[in-house]
Amino acid sequence: GLALRATYGTSFRAPSLSEVYEAPDVSASFLTRNGARTLSLIQYGGNLDLKPETATSWTAGFDVTPPALPGLKVSGTWFRTDFSDRIGQPARENLTVALRDPTLASFVHVIDPGSAADLAQVNTLITFPTYPYQGLFPASAYGAIVDARWVNTASVKVQGVDGQIGYSFDRGADRFDLSANASYLLTFERQVTPQAAPVDVVGVAGNPARFRGRAQAAWRRGSVSASLAVNYQSQEKDLAGKTIGSWTT
C-alpha cells in the first residue's frame, strides 16, 4: 500500500543557566577601526534578556509497502527546518574585526568623547570590580564598547531529502535483512547576525556533508548472525576552498 504523511511543528530551546547567568566581566583591548588602533571596552558574561531559540519544521513524505512483495518497504521524506533567535556570541568569536565588520555593528557602540552619557557609561565599566586596568586610562581615551555577551542573533535554514529502502525475507532457516538509506542536503544556510548575508555552508568542512549514504546486509540463523555495511560521504571543501575527497568505509 501507499501512505502519505506531512508534519508541521514549532519547538523551543530555553537559554541555559550559563548563557543567562554567566558572571559578568569587563576587559579592554586595542581594536582596529578606520585603520587606527582604538582602545575598546569589551563586555562578557550572561544575558538576562535572552529569549528561547525557535525551530519551525515541515516534512512531507511517503511509505510504500507493496502487497505483492511482502517484506519490502520504501520511504522518502522532504524536510525543512528554520532555526531563529539562535543563541551565540558573534562579537566574542570575531573580536579582532568587531569594529570593522558591518555585520557586527549592532554589538558595537562608538564612544563620542563629547557625550556625557557615553562617558558615564564608560566610567561605569572601567570601575567594574573585575576590570583589570582601573586607573590606567581616562574615560575619554576609550573609543568603543563591544558587547561580547550571549545574545539572540543567528538563524539557520536546513532543507533536504531522506530516502530509505528495506527488504526482509526468509530462506528456510535463514533470515536476510537488506537495507539502504541516504540523505541529501539541498541547503544549510547560516546567517550569523541579522545584518550578515546568508551563507550556504553545506559541504564545507566542519558542517554537514551534501550527501551521506549507508547500505547494509544482515543474515541470521538461530543465535548466529553476521552483517556487512558500507558507508559513504560526499567530498567537502575546507575554508580555503581546497577539495577534501569523499570517503567510503
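**Entry 1: Helix 3**

I began with the packing of helix 3, whose buried residues pack against strand 2 (25-33), strand 3 (36-44), strand 6 (108-110) and strand 7 (144-147). I worked on a predicted model, in which local features need pLDDT of at least 70 and side-chain atom pairs count only at pLDDT 80 or more, while totals for chains, interfaces and linings use all residues. Residues are numbered from 1 along each chain as its sequence is written, and side-chain values use heavy atoms, with hydrogens and water left out.

I took helices (H or I, at least four residues) and strands (E, at least two) as DSSP runs, numbered from the N terminus. I called a residue buried under 20% relative accessible area, exposed over 50%, and partly exposed in between (1.4 Å probe, protein chains only).

Which residues of helix 3 are buried? I found D118, V122, L125 and I126 buried in this helix, which spans residues 116-126. Seen down the helix axis, the buried residues of helix 3 fall within an arc of 90°, so they line one face of the helix. The arc is that of the directions from the helix axis to the C-beta atoms. On the face turned away from the buried side of helix 3, I noted the exposed residues A116, A117 and T124.

**Entry 2: Nonpolar cores**

I next looked up the nonpolar cores, each a set of buried Ala, Val, Leu, Ile, Met, Phe, Trp, Tyr and Cys residues joined through side-chain atoms within 4.5 Å. The largest has 14 residues, and I42, L95, L99, V108 and V146 have the most contacts inside it. Strand 3 and strand 7 each supply at least two residues of this core. A second, separate core of 12 residues includes I111, V122, I126 and Y131.

I then listed the contacts (heavy atoms within 4.5 Å) of V108. Leaving aside residues up to four places away in sequence, V108 touches A98, L99, A144, I145 and V146.

T81 lies in strand 5 (residues 72-88) and is buried, with a relative accessible area of 15%. Its side chain makes a polar contact of 3.2 Å with the side chain of S57.

D174 belongs to strand 9 (residues 174-191). I found D174 buried, at a relative accessible area of 13%. The side chains of D174 and W219 are joined by a polar contact of 2.9 Å.

Definitions and conventions. A polar contact is a pair of N or O atoms within 3.5 Å; within protein, one must be able to donate a hydrogen and the other to accept it, and residues adjacent in sequence count only if both atoms are side-chain atoms.
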